[in-house]
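Grab the structure and let's work through a few exercises on charged side chains. Each one comes with a worked solution.

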Amino acid sequence: MAGLLLAIVFFGGGSGAVFAQTAGTGAAAGSIVVEGNRRVEADTIRSYFKMAPGEHLDAAKIDSALKALYASGLFQDIRISQSGNRLVVTVVEAPVIDRLAFEGNTKIKDEQLQQEIQSKARGTLSRATVQSDVQRLIEVYHRNGRFDVQVVPKIVERPNNRVDLIFEIKEGEKTGVKTINFVGNNAYSSSRLKDVIKTSTSNFLSFLLTADVYDPDRIEADRDLIRRFYLSHGYADVQVVSATGEYDPGQKGFIITFTIEEGPLYRFGTIDIQSNIRAVEAQSLRSTLRVHSGDVYNGDAVEKTVENLTVEITKHGYPFATVRPRGDRNPQTRTISVIFVVDEGVRAYIERINIRNNTRTRDYVIRREIDISEGDPYNRALIDRAERRIKNLNFFKTVKITNEPGSAPDRVVINVDVEEQSTGDFSVMGGYSTADGFMGQVSISERNLFGTGKYGRVSATLGQYIRGIEFNYVEPYLLDQRMSGGIDLFARETLASPYLSYGTTNIGTNLKLSIPLREDLSLQLRYSIYWQQITLTSSLDDCANINPNFSTSFPTQNAINAATAAGVLAAAYPGYALVPSGNQNNCITLQGSPYYVASLPIRYELAQGGYLTSLAGYGLIYNTLDNNKRPTSGMLLSFGQDFAGLGGDSYYMRSVGDFRIYYEAVSDLIGVLHLQGGDMLGFKDGGYVRMLDDFKIGPNVVRGFEPAGIGPRDLTAYTANDTLGGTMYWGASLEFQYPFFFLPKDSGMRGAVFVDSGAEWGYKAETSWAANGEVNGNITTNTGVTFYCPNCAMQYADTAAPRVSAGVSLIWDSPFGPLRFDLAYPLLKQPYDRTQFFQFGGGTRF
């Protein structure tokens, strides 16, 4: 007998295959017969057997060919048999997928699901691949927090060996994180650590959030965030031993547990630099140190010092130099002495930089964040800084820079892998504040315009007391240098409000240039030119005499007759009684009206008409905050000056300084000290500064007062008693912010207590106005308009006496936008100041 019969049966998704061969009687290459093929050529099938001319097949080669044919995915069933000296290969070709569809998916789009699976329309159907696709789809939903998902593949037969492949999906409810536990944390409360990580727990706002879904990748990233947080706060021995997630059927969600071994708190001991490069003296590098003896140990500061030293040594002509921090722990004194060791390093050059997966962002936008290029010496510290800069662009979901060997031992290939994310924003915002009333805004913005890294924004605002349009454009790398330039075009109109009797119109443009001097220090240059004017309702501007006694003097008519004035007043103040002044040519006044006309300086500005302001300025900003959005430590200091008079109608110098420092007084209690001040110097008419240019402060400096509620004020009878503005102000505030431990972290709510103090003074009228608090006689504006004011006088108050208030706040970083509620009580004030016990401000985006 020919021998042993070998049979191989494959079971996979309902398909099977059998081949039989009589051992010892191999078929020749030219005797392979193919049957059942319709689309695949017979020679293509024969090629899988890999026989040379005249060669005979044995069992091993037939087995290898059979596996290769199945692996091709072209066949649903394969049978191999021997008939005499011929090998017969009978195939059943796999169907072609005519249409691939998803049904039942509402939370994840078809396009995203198609990217995850291997089965494709116009490709062949493989049952094994379909089952693999099912698992991939399930994993996609797991990453989105839906662990109850069900995916069922269905195949619909079509003519000509074609099929429709349909994945029926039952997404199920989102499986959220119900509880986050921390074990071993003694130095920081669980509430404080929840602010560090990105994962959050489900709550009543979960429908607006995504951070509460269980994501193992995010949990692992949170583990690293906790470790880095402890390292930056003195715990050099910290270990996040584990980060586990367990599903709790009772809560129908996950319980996340982070196990932490904190270790002791360390401070810096001695700090030194050891240079092993003869031409580079250690002493010349000390100015780049970001760490100091006695400070709490900070791993981030050590990393930044390594970067600074690397850059400085490169400037000395040693681009291959490496800087290694060497720490020496002293458990008894709990100090870590750090020596930064400088070596020449191994000579290696960058052969190539590959930018990968940037489907939208152009290569040069990424490359310009890397300080080195092809052919330059390789330096790991500069590569790490480049990775951080690319991440800070906020154009990508993920950024990872890796190395691989180049074409020679001293060549390195840099691979920059990114994953794009959406950078456009269309928003409709609504809000309310006690200063601006109800307000709505529609805006379209793009921070990566056409993939070039440029920023553009167009917005329109319509509110109770404000309206306007604005266009913003920023080029982050002006003239291919690491400096940004921008332009703003704006047109704004404010209306009279409960705090100001007049409105304003403002149309102009700003040009801005920002130059980074260091990582924490930047210089801003700016130029603005704009036209502005005061607007006033006719009911407040019909009478030139601002102080009538209604016996010997009357408010005189000013370009309006009594009938018209009556109509204007009736419309402006419905419900008031109209009282004639006793003369047809005189104004109509209001019985019970709180005032008759606006303050004299306002009507003076109105008579002058609109005016042009052209000014140039600069600003210095020093920023060491740990988090710009919600800082807990660090300093923000800014100082700027503007000079008006480069053409136009305004002539002054304005100087403004602002200082904020954040510190953690005790665990979870953040202290904020805020100091600010400003000064204006008019260059004409005895220091005169126009009303729309000077300072007007209120709750932005001392809470508990109305907007523009502090400072010089008109006290003349029968007027609106408007604020006049000052040329000097100062403010000081001490605030302590604390979390609400009884609320979930995701609520975004925290409380604050504060004490504010400040003052504004230095009202500057024209030199023709007396400085003793009274203005008498006729008033003639710069434009030649004369006010007829018999018995005219203005009484006003102006003092540098401090105002003080104290209060409490509720701060809510809500999904609807930042909201803040302040309750403040003035402790020191002037009789004419205008107070406001409650302030509220916030907005939403949807």
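Predicted model: local features only at pLDDT ≥ 70, side-chain atom pairs only at ≥ 80, totals over all residues.

**Exercise 1.** Work out whether Asp 77 and Arg 79 pair up, and say how accessible each one is.

*Solution.* Start with the distance: the closest N and O atoms of Asp 77 and Arg 79 are 3.6 Å apart. The cut-off is within 4 Å, so the pair counts as a salt bridge. Next, look at accessibility. Asp 77 has a relative accessible area of 15%, and buried means under 20%, so Asp 77 is buried. Arg 79, at 42%, is partly exposed.

**Exercise 2.** Find which parts of the chain the Arg 356 and Asp 417 pair links.

*Solution.* First, the contact: Arg 356 and Asp 417 form a salt bridge, their closest N and O atoms 2.8 Å apart. Now place the partners: Arg 356 sits in strand E13 (residues 349-356) and Asp 417 in strand E15 (residues 411-420). They are 61 residues apart, so this pair links distant parts of the chain. Arg 356 itself is partly exposed, at 35% relative accessibility.

**Exercise 3.** Which residues are linked with Glu 369 in a network, and how many salt bridges are there in the count?

*Solution.* Glu 369 is networked through salt bridges with Asp 371, Arg 385, Arg 389, Arg 482 and Glu 519. The count comes to 43 salt bridges.

Note on methods:
Residues numbered from 1 in each chain as written. Heavy atoms only, no water. Salt bridge = Lys/Arg side-chain N within 4 Å of Asp/Glu carboxyl O. Buried < 20%, exposed > 50% of the residue type's maximum accessible area, 1.4 Å probe, protein only. Helix = DSSP H or I, 4+ residues; strand = E, 2+ residues; numbered from the N terminus.
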